[in-house]
Amino acid sequence: MHRDDVATWVSDAQKAFNSAKDLNQLKTARIAHSGDKSPIALASRGLASLTPQEKITQGKIIGDAKSAIALALAGATSALEALRDSKILLEEILDVTLPSNRAHKGGLHPISIMKNEISDFFIEQGYSVEEGPEMESGWLNFDALNIPADHPARTMQDTFFLEPLESGIVLRTQTSPVQIRTMLTCEPPIYIISPGRTFRADELDSTHSPVFHQVEGLVIDRGITMAHLKGVLDNFARAMFGEDVTTRLRPSYFPFTEPSAEVDVFFSGRWIEWGGCGMVNPKVLQTCGIDTEIFSGFAFGMGIERTLMVRHGVQDMHDIVEGDLRFTRQFGVGL
Ligand code: DAH
């Protein structure tokens, strides 16, 4: 074995390691230049058959060569590993600021979410949810509810009348006609709510909208008293505004209830007018063919926009009707 041969093995190995483009090529070069069958390995095994003196000199040459080869391999390995890692970082980079082309699933309007929330609350207690038409007969919207012909609500300034005017059809101004529809078609006991869209000839401003929503409640059964009404309103208020709210009833007047009251909720440190309620006027029960000797009942009605605005501190009705997603999304999508 010649010293020059060994030097060539080392330089061949260094060249091969340094020219490897990736870890795979380096592996091939490693097997060729420092594997079991490489010239340096064969020479190393050949030392066994040498004399002790030769072993010392040759052993030193081969040992030095092996170290040089190992050093070159280690250098090439760490360089190629670093290259591989930086490539991975580049290839797998994720730019979270890129605009996505994911289609939005859409969602429910906060008013619809609240309508569902109210329905769920009452359905749990055995009420059913009734709907009535938005185009309603004047008789159901007014007369059957004991609202007299000369009531201000029955003027063009307050109510949308549909043509031809003789039809007597209006856009319902309240969800109360659903009470009449239900009593005309169902036998008591009756436990219903009716959330829905209502219309009044108001200009859109920060607290009014010509199109808004109410929820009506009606209970007709044996022995129903105002205490039941108060209990239902207390529970309903807690479901809407939180466990710690209280309600109070203030005497008021509605033609379809007797006695009538306004219900207020103590929320955020002040009393808020929430809706109207009362014991269903016997005149209304009689109009619907309900025996007032056996049955009595209560009713209530509140605005859903108003409930949403109070609960979430919404200052401007425009936010609710305009459909800006930045407003809507704050309430979740409700799907
Ligand atoms: N319909 C009434 C309104 O629009 C609200 C209302 C008051 C409904 C009293 C009721 C009730 O059922 O008993 O102002």
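## Pockets and the ligand

About 190 Å³ of space lies in the second largest pocket. A pocket here is an open set of points on a 1 Å grid over the protein atoms alone where a 1.4 Å probe fits, with protein on both sides within 12 Å along at least five of seven lines; lining residues have an atom within 4 Å of a point. This is a predicted model, in which local features need pLDDT of at least 70 and side-chain atom pairs count only at pLDDT 80 or more, while totals for linings use all residues. Residues are numbered from 1 along each chain, and side-chain values use heavy atoms, without hydrogens and water.

Among the residues that line the second largest pocket are His104, Lys105, Leu325 and Arg329.

Now to the largest pocket, which has a volume of about 1,300 Å³ and holds the ligand (more than half of the ligand's atoms lie within 2 Å of its grid points). Its lining counts 47 residues, with Arg200, Phe212, Gln214, Gly303 and Arg306 nearest the centre.

Around the ligand itself there are 15 residues, and Gln174, Ser176, Arg200, Gln214 and Glu216 are the closest; to be near, a residue needs a heavy atom within 4 Å. The table gives polar contacts, meaning pairs of N or O atoms within 3.5 Å.

| Residue atom | Ligand atom | Distance |
|---|---|---|
| Ser176, side-chain N or O | nitrogen | 3.0 Å |
| Gln179, polar side-chain atom | oxygen | 3.0 Å |
| Phe300, backbone N or O | oxygen | 3.3 Å |

On its own the ligand has 360 Å² of accessible area, and the protein covers 90% of it (Shrake-Rupley method, 1.4 Å probe).

Note on methods
Polar contact = N/O pair within 3.5 Å; in protein donor to acceptor, adjacent residues only side chain to side chain. Points joined across faces, edges and corners; volume = space filled by probe spheres on them.
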